[in-house]
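Below are some notes on this structure for you to read alongside the sequence and the coordinates.

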Amino acid sequence: MNRLGTRRAAQWLVAVIVVSGCGLLGWAAVRTWRAATDINAAQDLALRRGARTALPYLVLAVGYRPGRAKAWRLRAQFSSFAHPRAALRFAKRAVAADPADWRNWDQLGLVQYQLGDSAGAQRALAEAVARDSGWEAHYRLANLALLLGRNQEFWAQMKAALAVVPPSQAAPVLNQARAAGRGIEATGAERAVRKSRAEAAAAPRWLAVLPRRRAPVDAVAVNLLLDQGQPLRAAAVWSEVRCASYQRAVCRATSLGLANRLAALAYRGAEARPAAKAGGRALAPGVLARTAARVWNTAVRRGWLHRSLVVAGRVNNGAFQHAWLGPAFGWAKVGAIYTSRDFGMGPARQGNAVRLEFTGYEPQSTPLLEQFARVRPGGRYEVTFFSRRSGRGSETGVRLMVMLSPRRVLLALPAKLRSHWSQNTANFRAPGRGFDPAVVPISAAHGPGPAAQHGAAGRGPPATAPAMTSQDMAVAGSSATEAASAERQWARFAFWAGTGCALLAVVLIGAASVEAWVAVDCLLWLALAVLVVGATAQGARLPWHPILWPAVAYAALVFAQWCWRWSTAPALTLTGLLQLAGCGAILYLALFAFRQPKDLRRLGTVLWWFTGALGAEALFQFFTSRTEIYGFRNAAYATPVGPFIYHNHFAGCMDLLLPVAMVVAFWPQRRSREAAWMRWLRRGILPALGLAAVAVSQSRGGVFALIVEAAVAAAVFWRDFARHRRRRRGAAIAAAALIGFTFLAGWGPLVKRLGHLDKHDVSALDRLRVAEGCFAIWRAHPWVGSGFATFSVVYPRYEIFDSGQRFLEAHNEYAQMLAETGVAGAACVAAFAILLAYFGLRPLGDGASRRVIYLRKALVVACAGFLFHSFGDFQFHSPANALLFFLLTGAAVAARAAGRGPEAGAAQ
């Protein structure tokens, strides 16, 4: 077989492998989509109609993806009441599928305790604590210890929970600790007869577990004591607090509120409560005034208040009392459920526990806690919790249900939905005998929510090859012409397939729809299979580029993690591998489509139009309906801009589009009668719309990425600007005009957010702490990482703080990549970035036009800004942005040097 035949045979082998791989990927992606859809449907039905109606969907989800632990865990949760034995089996399957996720162990412990296996429940919840460094696992184990009568373990776990609990969850935890402390002191082995007033005035046990270096949590405790009418004890607790620099706002507000309350109790009798006593005696006004002055002066000395020192005697002055008025610490009791009578009754036994369950939608974003409630047969109990309406038009709320079985309800208490916090109180009586044991969590749903990633020039014959006849040369020329024609035909197919799928992904996947990214990836795999088979059949050569080596190596590493179970959660790694395969498909389509420099001009024009359309749609949505995508999808639970539910992902998309759109708007034009400034103004409107959309998105990372892109562009285009004064002046005028136009959209909110970098939902400080957790994961898995796409289940074990949010991504792509793929993955990513810079900035030769040269540089600038933005956000975990990035990467590196393409070879 000659050389040409060998090459054709190798290409057919590659085509068969690619078609088979694309078929398997499509099959796995469709099953993943069906499993995710069934899980979402099950959760929605469980909220609206009950857990029993959701079980058939979970059975289907398990059938499509047996390795997904979430489906097994939900089956165990929804069937635990009616079929506890089956629920135990499902919980064990969830633990076997993903032992790194602490929620699986927690569900196993709940089911085991419900079946009377207290020791097994203790072991399971201990495993959950070992896999979660946050507060919630400690809190669950503390509740179990309280049920089992292990008081010392209860206080130890409660102290560990308070050490990391976020301020938004501190109130219910402290309420539980306070109520449990009263029950423990009143009954059991710790009951003691207090014989002196000193012992009677001793601080309760729950104050001993307060962290003294967490000012927000201690502030909640202070307000709880004030609400109970214990102002002096609140002042004593606050005097021991240590406030960090970033907590001064909380310390200032709490000090003002405490001082105001003490002064009011001293000199305004209407606000004094009977509970404001010490040792059975009413507090003297002088004592309260001196304590108020001490709180005020302490806050001034520590730098929390920038005001003068005071003495207690001057409180009688009305002007001084008016000067004390300020913002008090605003707090609310959320989800606090406790029994006001008969709380402590010793260890839980078979047959003395009831189910407390919330149904419906929770008005607030603070999750209600899973707790156990034990009752005495025949005892009467009072249940209290607080609620309020989340906003106008809130039609769904919370209903508390106390049950012994699905058919035996002791209490059904709908929540009061008002604009202010309202107390809900009701009584129920436990049956005297004959009721089954049941330990069930308090569950909740958050908000209305949704019903919810070149070929080198052909080498000539060797110098010793025999001379070709004129007939052989004619045949060879004809074959080369046909191959070049076929290559151009399939290059156009690859262009429209790759570009169309990338832009379709931005339009659809920006809304975070699983169905959308599965559909787009399947289209990409189908296009890749058609391209490889068609090009091979017509004799066109399949390209290979050096940048594919690190990409293939990274994909092979992820495949090995899934295949050989190196990953801690293989099911999540498989889902990530499917999204990674879609990015690889669009990268190869781009390498095939943009081998000729002139093909870049068409891409630039398409992206220029798309930038203007996307910016106009985002601006229209911003000024008409800021909470809906395309006018019909409600995304009030997020920060939607344009088709993206997350404003930083929209800014990352614009980071990729704007450099290309600006170069197309201001690249050299043919001579025409139209003035140059008029032509630039007309063509610059579209990138100006995109820049204005970035301003209204209020993405600080997007603005910083644009600044970095400007610096990189200045370095890349420096030679062109240095040689031609006219170009330099034109670029400066164009940049000033674009920035001036965007001021019409309003930069005020963005400038305000730039001045408060540490006061956002995921602040800069929080992101740095999450990155530290990623490095801790990497130290535990240094070489191949914990597994691709496993951050969400591995991170809780290594987190060093708990903000109350569940981090599904690290907000730093490089730290997360190091944690998930280790040193091997980091080497692949570094090699990919180096090859991108080398081939993207490599000269094309004298035959390339200035338009093409500028466009390739703009593509490199866009990729550089996107990579910079990934330091502060999870840009690659937005499937739309990832596909667009790899499309631009392939376009930047695929172009050959001038005169080296197949057409040139055919002409020769």
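1. Contact here means heavy atoms within 4.5 Å. On that basis Val514, leaving aside residues up to four places away in sequence, touches Trp33 and Ala36. Please keep in mind throughout that this is a predicted model. The C-alpha atoms of Val514 and Pro879 are separated by 9.9 Å, although the two residues lie 365 residues apart along the chain.

2. On the cysteines, the count comes to one disulfide, and this joins Cys243 to Cys251 with an S to S distance of 2.2 Å. The link of Cys243 and Cys251 is right-handed, with 110° about the S-S bond, and Cys243 and Cys251 are both buried. As for two further cysteines, Cys563 is partly exposed at a relative accessible area of 35%, whereas Cys583 is buried at 6%.

3. The aromatic pairs come to 27. In one of them, the ring centres of Phe495 and Phe594 are 5.6 Å apart and the planes stand at 80°, so the pair is edge-to-face. This pair links distant parts of the chain, since Phe495 belongs to helix H17 (residues 470-508) and Phe594 to the loop between helix H20 (570-593) and helix H21 (599-624), 99 residues apart. Phe495 counts as buried at 1% relative accessibility, and Phe594 is likewise buried at 1%.

4. Phe791 and Tyr795 form a stacked aromatic pair, with 5.0 Å from centre to centre and 25° between the planes. Why are Phe791 and Tyr795 separated by about one helical turn? Phe791 and Tyr795 are four residues apart in helix H29 (residues 791-798), and therefore about one helical turn separates them. Phe791 is buried at 2% relative accessibility, and Tyr795 is buried with a relative accessible area of 2%.

5. Other ring arrangements deserve a look. Phe832, Phe866, Phe876, Phe885 and Phe886 form one aromatic cluster. The charged end of Arg602 sits over the ring of Phe495, 5.1 Å from its centre, and the charged end of Arg34 sits over the ring of Trp33 at 6.0 Å from the ring centre.

6. Lastly, helix H8 (residues 151-164) has 14 residues and reaches 21 Å from its first C-alpha to its last, close to the 20 Å expected at 1.5 Å a residue. The buried residues in H8 include Phe154, Trp155, Met158, Leu162 and Val164.

How values were computed:
Residues numbered from 1 in each chain as written. Predicted model: local features only at pLDDT ≥ 70, side-chain atom pairs only at ≥ 80, totals over all residues. Heavy atoms only, no water. Helix = DSSP H or I, 4+ residues; strand = E, 2+ residues; numbered from the N terminus. Expected span 1.5 Å × (residues − 1). Buried < 20%, exposed > 50% of the residue type's maximum accessible area, 1.4 Å probe, protein only. Disulfide = S-S within 2.5 Å. Phe/Tyr/Trp six-rings, centres within 6.5 Å; stacked < 30°, edge-to-face > 60°. Lys NZ or Arg CZ within 6 Å of the ring centre and 35° of its normal.
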